[in-house]
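Biologist: I have a chain on screen and some questions about how it is put together. Can we go through it piece by piece?

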Amino acid sequence: PAVLPYGGGTSVAGHLGVHDPSRPVLSIDMSRMRAMVSLDREAQLATFCAGVAGPDLEAQLRAHGYTLGHFPQSFEYSTLGGWVVTRSSGQQSLRYGRIEQLFAGGRVETPAGTLDIPTFPASSAGVDLREMVLGSEGRLGIVTHATVRISRLPQHEAFHAVFFPDWERALNAVRELAQARLPLSMLRLSNAVETTTMLTLAGHAKLVRLLEGWLRLRGCGEGKCMLMIGVSGDRAQALPALRAALGLARRHRGVHVGRGLGERWRRNRFRNVYLRNAAWAHGYAIDTVETAVDWPRVTQAMEGIERAATNALHASGERVHAYTHLSHIYPQGASVYSTFVFRLSGDFEADMLRWRRLKDRVSEAIVAAGGTISHQHGVGVDHAPWLEVEKGELGMKAMAALFRQFDPDGRMNPGKLLAS
């Protein structure tokens with residue numbers, strides 16, 4: 001049979017399911033493997049069973065004064081093992097790092113035997129075994145235990161909103177902030193359409209009108225873009241970093257509006273995904289794609305993805321509401337995360353065709369812009385057709401050989417990453 005490890009089931013890229021109706025499937029539910037096995041305060045390492053979900057993991061750490069700091073939008077249901085095998089990125093990765101920086105070692109049960117990965121601060125001893133597991137999407141085996149690098153709970157944490165008159169000024173400011181390497185925990189920049197959408201969905205229409213009127217007086221009218229700045233850590237470090245960030249933003253005509261919008265974002269940051277269900281009930285579908293590119297290609301990628309989405313359904317007379325934010329910022333570049341809202345027809349086959357057409361067009365736009373096919377959602381089967389553009393023929397063959405070494409009969413989560 002095919003063997004599917006199952007964590008939280010939050011995949012949005014087709015990681016679950018075997019598309020061969022003749023093949024029996026064994027699904028292994030990891031949800032009861034959620035204990036913290038050990039806590040090393042001196043090395044700041046914690047070992048968990050890999051089925052632990054985000055809230056349970058954080059609760060166990062916070063009882064001892066620590067945090068992992070890994071907060072993907074799927075945090076409430078996704079699991080540590082799932083984060084590792086899909087190369088997950090949390091909303092505050094600017095401070096804590098992506099999962100590849102947090103994953104220190106662990107254990108993987110494979111059809112060929114048990115792979116134990118010891119922890120080291122660093123090593124130059126050949127190929128890093130962690131890298132074979134990270135992003136493997138269940139093709140090697142089942143991650144049963146993971147040791148992660150943890151941090152002390154921050155004394156101070158806050159999220160502030162800054163508005164810029166236009167995208168160009170906002171982008172330049174964010175790039176300078178990233179390359180200044182200030183000890184911030186988050187930079188999240190919304191383009192003009194997403195900014196308008198977020199303010200519309202915020203409720204409190206009268207207060208929003210007052211805010212927009214005040215922003216117009218400060219030079220941020222139509223076309224304004226909102227930046228969320230997060231600071232986390234000791235006050236002696238966090239507050240000077242915030243002051244420096246706001247000072248840099250002002251040089252690009254950024255207008256600081258305080259913590260109100262930031263705190264509202266923090267309260268709701270894991271709730272937005274549930275809008276998908278509510279929108280579906282009202283006849284609309286919501287989907288997302290994301291990539292990462294170097295700074296010179298960020299605007300080109302954003303515009304190309306949104307244009308591809310808008311044009312994808314034009315032939316059938318349908319409109320797409322497309323908007324984008326930069327969800328993770330690096331000195332080298334940024335992730336480009338786009339959302340699409342489109343109308344459902346009420347017929348399953350017709351709606352699937354619309355989604356497939358849109359998905360294909362935006363994926364082609366990502367590749368054309370020189371972006372990775374996924375920055376944080378993984379590959380699964382949905383993104384597999386575009387993976388070879390990124391990895392090359394030799395890279396694809398190397399991955400296939402690696403999977404055969406650990407799983408010679410091809411039982412583990414078949415069809416993912418590499419098209420069958």
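Biologist: Which residue in β8 does Phe103 stand opposite?

Modeller: Bear in mind that this is a predicted model. Phe103 belongs to strand β6, which covers residues 103–110. β6 runs antiparallel to β8. In that pairing, the residue of β8 opposite Phe103 is Val148.

Biologist: How many bridges join β6 to β8?

Modeller: Strands of a sheet pair through backbone hydrogen bonds, either parallel or antiparallel. Here β6 and β8 run antiparallel. The number of bridges joining β6 to β8 is six.

Biologist: Which residue in β7 stands opposite Arg107?

Modeller: β7 covers residues 113–117 and pairs with β6 in the antiparallel sense, over five bridges. A hairpin through two residues joins β6 to β7. Across this pairing, Arg107 faces Asp116.

Biologist: Which strands stand at the edges of the seven-strand sheet?

Modeller: The sheet is open, with antiparallel pairing, in the order β13-β10-β12-β11-β15-β16-β14. An edge strand has a single partner, so one side of it is left without a neighbour in the sheet. The edge strands are β13 (255–256) and β14 (284–294).

Biologist: Inside that sheet, which residue in β15 is opposite Ser190?

Modeller: β11 covers residues 186–190 and β15 covers residues 320–326. The two pair in the antiparallel sense over two bridges. Ser190 stands opposite His325.

Biologist: Is Gly135 buried or exposed?

Modeller: Gly135 sits in the loop between α5 (129–133) and β8 (142–149). Its contacts beyond four places in sequence are Val84, Val85, Thr86, Arg87 and Leu417. The relative accessibility of Gly135 is 18%, and the cut-off for buried is under 20%. Gly135 therefore counts as buried.

Biologist: How far apart in space are Gly135 and Val379?

Modeller: In sequence, 244 residues separate Gly135 and Val379. In space, the C-alpha to C-alpha distance is 8.6 Å.

Biologist: What is the relative accessible area of Met396?

Modeller: Met396 lies in helix α14, residues 387–406. Leaving aside neighbours within four places in sequence, Met396 is in contact with Leu387, Glu388, Lys391, Leu417 and Leu418. Met396 is buried, because its relative accessible area is 14%.

Biologist: How far apart in space are Met396 and Arg307?

Modeller: Along the sequence, Met396 and Arg307 are 89 residues apart. From C-alpha to C-alpha, the distance in space is 30 Å.

Biologist: What radius of gyration does the whole chain have?

Modeller: The chain has 14 helices and 16 strands. Its C-alpha trace spans about 65 × 60 × 40 Å along the principal axes. A compact globule of 420 residues would have a radius of gyration near 22 Å, and the chain agrees because its own value is 22 Å.

Biologist: What share of contacts joins residues at least 24 apart?

Modeller: Consider contacts between residues at least 6 apart in sequence. Among these, the share joining residues at least 24 apart is 73%.

Biologist: How far apart are the mean positions of the positive and negative charges?

Modeller: The chain carries 48 positive and 39 negative charges. Their mean positions are separated by 7 Å.

Notes
Residues are numbered from 1 along each chain as its sequence is written. This is a predicted model: local features need pLDDT of at least 70, side-chain atom pairs count only at pLDDT 80 or more; totals for chains, interfaces and linings use all residues. Side-chain values use heavy atoms; hydrogens and water are left out. Helices (H or I, at least four residues) and strands (E, at least two) are DSSP runs, numbered from the N terminus. The radius of gyration is taken over C-alpha atoms; the globule rule is 2.2 Å times the number of residues to the power 0.38. Contact means heavy atoms within 4.5 Å. Lys and Arg count as positive and Asp and Glu as negative; His and the chain ends are not counted. The place of a charge is taken as NZ of Lys, CZ of Arg, CG of Asp or CD of Glu. Buried means under 20% relative accessible area, exposed over 50%, partly exposed in between (1.4 Å probe, protein chains only). Two strands pair if DSSP finds at least two bridges between them.
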